[in-house]
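Trainee: I would like to learn how to read pockets in a model. Please start with the terms.

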Amino acid sequence: MKRIDKIINFMRVLEEVCVVKRDLLLFDGTTENDAMHIFKLSFLVMLIAPYLKNKVDYTKMLELALVHDIAESKTGDYTVANQIVHPELKEEKKERETAAIKELKALLPAPLNQKIYNLYQEYEHKETLEAKIVSALDKLEANLQANQYNNGDVHYWQDCENGKEYYKLSLMKKVLIAEIGEPILAELEKAIIALARQNIQKCNIKNTGE
């Protein structure tokens, strides 16, 4: 198969990322999908990059953001809440996504296939500073998005599968952010947690597990 045909086929598969539903709602009640999340995460990388104290590969971070969830085109989304309640899902998720990224790798011509595969693995292993920062931003973006529906109406979390876990998660500081030690990430986390706490109180939600 010609390389351009392979690229077109890969782009078709990426459409599947655009229809993977997430638990979170947009401000207007629309259900978020993976592509929306990837778009916002990529912008968040751009917005915080000028304030990072450590030297990073900015292009690499954008690439990691773009690639980090593409395996879900084949597996769907495993929500954090479900993985907390059902820990066995973590291993299932890992196995299925490993198979999925290998399947996606096979669609592309060299050297694109190896590059995207390597980026995905770098994000998963979280050994580089760039991967750690993007992973931290991934969680922060999700928490911020969770608070956007209907001017902060977080009642809907209870309607998600095992969604009560989101109240506790939204108020938790991330170990990875402390490990990275970047002030801009800590500042962003503090602001998003404050927003979540404000919305939880406004909605009179009790027993958040905090």
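Mentor: For sorting lining residues, Ala, Val, Leu, Ile, Met, Phe, Trp, Tyr, Cys and Pro count as nonpolar, Asp, Glu, Lys and Arg as charged, and the others, Gly among them, as polar. This is a predicted model, in which local features need pLDDT of at least 70, side-chain atom pairs count only at pLDDT 80 or more, and totals for chains, interfaces and linings use all residues. Residues are numbered from 1 along each chain as its sequence is written, and side-chain values use heavy atoms, without hydrogens and water.

Trainee: How is the lining of the largest pocket divided into nonpolar, polar and charged residues?

Mentor: The lining holds 14 nonpolar, 10 polar and 15 charged residues.

Trainee: What is a pocket, and which residues lie nearest the centre of the largest pocket?

Mentor: Rolling a probe the size of a water molecule over the atoms shows where empty space is left. On a 1 Å grid over the protein atoms alone, a pocket is an open set of points where a 1.4 Å probe fits, with protein on both sides within 12 Å along at least five of seven lines; lining residues have an atom within 4 Å of a point. Here 39 residues line the largest pocket, and Val-80, Gln-83, Lys-93, Asp-138 and Lys-139 lie nearest its centre.

Trainee: Which helix gives the most to that lining?

Mentor: Helices are DSSP runs (H or I, at least four residues), numbered from the N terminus. H8 gives the most to the lining of the largest pocket, six residues.

Trainee: What residues line the second largest pocket?

Mentor: Its lining has 16 nonpolar, no polar and two charged residues. Phe-10, Leu-14, Leu-66, Val-67 and Ile-70 are nearest its centre, and H1 gives the most, with five residues.

Technical notes:
Helices (H or I, at least four residues) and strands (E, at least two) are DSSP runs, numbered from the N terminus.
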